[in-house]
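Subject: Structure handover

Hello,

Here is the structure we spoke about. Please open it first, then read my notes below.

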Amino acid sequence: MIEAGLRRYEAINEEIKAVLAKKNKCTVKDANGQRYIGCGLDEGKTIEIYGTPGNDMACYLNGGRVVVYGNCQDAVGNTMNGGEIVVHGHSGDAMGYGMRDGRIYIRDNVACRGGIHMKEFRDMRPVLVIGRNAGSFLGEYMAGGTIVLLGLNMKRGEKLFGTHCASGMHGGKIFVRGSFPKENLSDNIKVEKLSPEDEAELKGYVKNYCKYFGADYDDIMAKPFKKLVPATSRPYANLYTPN
């Protein structure tokens, strides 16, 4: 076990690298804002973190698995290529920025700009599952992949998402459970019912969420979901002048 405490992130990451050269699993205790933990982690490797890891945790994740028992800061899963991130708490801004594949499960809420610039290609389809709610600009410029917003354990007066949800979205989809403020949606977004294929896909993500965080599957699925999708693949076409 690696004790992070108040030590600099460079030293912590060097120790993690040394442990994972010999083993497939590494545990970090008392994380206190150290950055880049799990950066580029390969398939078959796991890092468990207790405390609060810093910015860019698991950036460029390459098939590995990172589990956080606590909260995390900004840009977690930045441009990840695959693997899985599980956070037993909440996350800061830009969660899953530009992610290209893999899965992120957040037990509680995500701050602003979660899932922005998500993209997909062929069988590479990233997924971000948020247990509680999200801040403004959720799914901004989203080009592919799936975001699931469950709206669990919200307090009276809280909103599922902030302003400008899916602003500039031109691909992918967002599954939203329960009612939500449609005035906070971008003008280019359509609200649709889930298809049978959507429902089958969603059930898998919810089952994983329940397995990781001890939630009740039947209770979650008892409330209806809607799907947010872009109305056009070129939401800003009218802003440009053709040559």
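Start at P181. P181 touches K159 and F161, leaving aside residues up to four places away in sequence; contact means heavy atoms within 4.5 Å. The C-alpha atoms of P181 and K159 are separated by 7.4 Å, and the two residues are 22 apart along the chain. P181 lies in the loop between β9 and β10. Strands are DSSP runs of E with at least two residues, helices are runs of H or I with at least four, and both are numbered from the N terminus. P181 is buried, with a relative accessible area of 13%. Buried means under 20% relative accessible area, exposed means over 50%, and partly exposed is in between (1.4 Å probe, protein chains only).

Before going on, two notes on the source. This is a predicted model: local features need pLDDT of at least 70, side-chain atom pairs count only at pLDDT 80 or more, and totals for chains, interfaces and linings use all residues. Residues are numbered from 1 along each chain as its sequence is written, and side-chain values use heavy atoms, with hydrogens and water left out.

Aromatic rings

The structure holds six aromatic pairs. Rings of Phe, Tyr and Trp (its six-membered ring) pair if their centres lie within 6.5 Å; planes under 30 degrees apart are stacked, over 60 edge-to-face, and the rest tilted. F161 and F180 make a tilted pair, 5.6 Å centre to centre with 45° between the planes. This pair links distant parts of the chain, 19 residues apart. F161 is in the loop between β8 (143–149) and β9 (171–177), and F180 is in the loop between β9 and β10 (189–192). Both F161 and F180 are buried. Elsewhere, Y105, Y209, Y212 and F213 form one aromatic cluster.

The charged end of R113 sits over the ring of F137, 4.0 Å from its centre. The charged end of K207 sits over the ring of Y217, 5.8 Å from its centre. The test is that NZ of Lys or CZ of Arg is within 6 Å of the ring centre and within 35 degrees of the ring normal.

Cysteines

There are zero disulfides; a disulfide is a pair of cysteine sulfur atoms within 2.5 Å. For C39, the nearest cysteine sulfur is that of C59, 3.2 Å away. C39 is partly exposed, at 40% relative accessible area.

Backbone

D30 is not a glycine, yet it has a positive phi of about 55°. D30 is in strand β2 (residues 25–32) and is partly exposed, at 37%. A94 also has a positive phi of about 55° without being a glycine. A94 is in the loop between β5 (82–87) and β6 (103–106), and is buried, at 17%.

Helix α1

Helix α1 (residues 9–20) has 12 residues. Its buried residues are I12, I16 and L20. They cover an arc of only 65° around the axis, so they are on the same side of α1; the arc is that of the directions from the helix axis to the C-beta atoms. These buried residues pack against β1 (2–3), β2 and β3 (46–52). The face turned away from the buried side carries the exposed residues E14 and K17.

Best wishes

How values were computed. Expected span 1.5 Å × (residues − 1).
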